[in-house]
Amino acid sequence: MKIDWAALGSVFGVSLVITVGLVTLFTLGIVGLSRQERAAAQGGSAGLAVTGAYVCFSACAAAVGYGIYLIMA
């Protein structure tokens, strides 16, 4: 049995970058929603923060859907 260490390292690196990116996107979405709640408590509006949060959540869902598509294909 021979292991292609370069390919294994490449898969590890790409997986790490994608995972950190998805976690960052999801965290930004949560921060956007929390800013909306804070603005509502203070009597303001945070439409941009909510829009950004929904964009982040949509990007996460799209990435997960694409990953499932790649596995199923």
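In which helix is L33 found? L33 is found in helix 1 of this predicted model, and the legends below take up that helix, its partner and some of their residues.

View 1. L33 belongs to helix 1. Not counting residues up to four places away in sequence, L33 touches A53 and F57. The C-alpha atom of L33 is 10 Å from that of L48, a residue 15 places away along the chain.

**View 2. Helix 1 from end to end.** Helix 1 covers residues 5–41. Its 37 residues should span 54 Å at 1.5 Å a residue, and the C-alpha atoms at its ends are 54 Å apart, so the two values agree. G29, G32 and A39 are buried in this helix. The buried residues of helix 1 pack against helix 2. After helix 1 comes G43, which has a positive phi near 90 degrees.

**View 3. Helix 2 and its buried residues.** Helix 2 is made of 26 residues, 47–72. V50, A53, C56 and C60 are the buried residues of helix 2. These buried residues pack against helix 1. For reading the spacing of such positions, an α-helix has 3.6 residues a turn, so residues three or four places apart point the same way.

**View 4. The cysteines C56 and C60.** Searching the whole structure gives zero disulfides. C56 is in no disulfide, and the nearest cysteine sulfur, that of C60, is 7.0 Å away. The cut-off behind both assignments is a relative accessible area under 20%.

View 5. F26 lies in helix 1. Its relative accessibility is 44%, so F26 counts as partly exposed. Apart from neighbours within four places in sequence, F26 is in contact with F57 and C60. C60 is one of the buried residues of helix 2. F57 is also touched by L33. The C-alpha atoms of F26 and A61 are separated by 9.7 Å, although the two residues are 35 apart along the chain.

**View 6. T51 in helix 2.** T51 has its place in helix 2. Is T51 buried or partly exposed? T51 is partly exposed, as its relative accessible area is 46%. Between the C-alpha atoms of T51 and Q36 the distance is 10.0 Å, and these residues are 15 apart along the chain.

View 7. M1, I3, W5 and L8 make a nonpolar surface patch of about 580 Å². L8 is part of helix 1. Its relative accessibility of 47% is why L8 counts as partly exposed.

Definitions and conventions
Residues are numbered from 1 along each chain as its sequence is written. This is a predicted model: local features need pLDDT of at least 70, side-chain atom pairs count only at pLDDT 80 or more; totals for chains, interfaces and linings use all residues. Side-chain values use heavy atoms; hydrogens and water are left out. Helices (H or I, at least four residues) and strands (E, at least two) are DSSP runs, numbered from the N terminus. The expected span of a helix is 1.5 Å times one less than its number of residues. Buried means under 20% relative accessible area, exposed over 50%, partly exposed in between (1.4 Å probe, protein chains only). Contact means heavy atoms within 4.5 Å. Patches are made of residues with over 30% relative accessible area and no salt bridge: like charges are joined within 9 Å, nonpolar side chains (Val, Leu, Ile, Met, Phe, Trp, Tyr) within 5 Å. Accessible areas come from the Shrake-Rupley method with a 1.4 Å probe; for residues, only the protein chains shown count as cover. A salt bridge is a side-chain nitrogen of Lys or Arg within 4 Å of a carboxyl oxygen of Asp or Glu. A disulfide is a pair of cysteine sulfur atoms within 2.5 Å.
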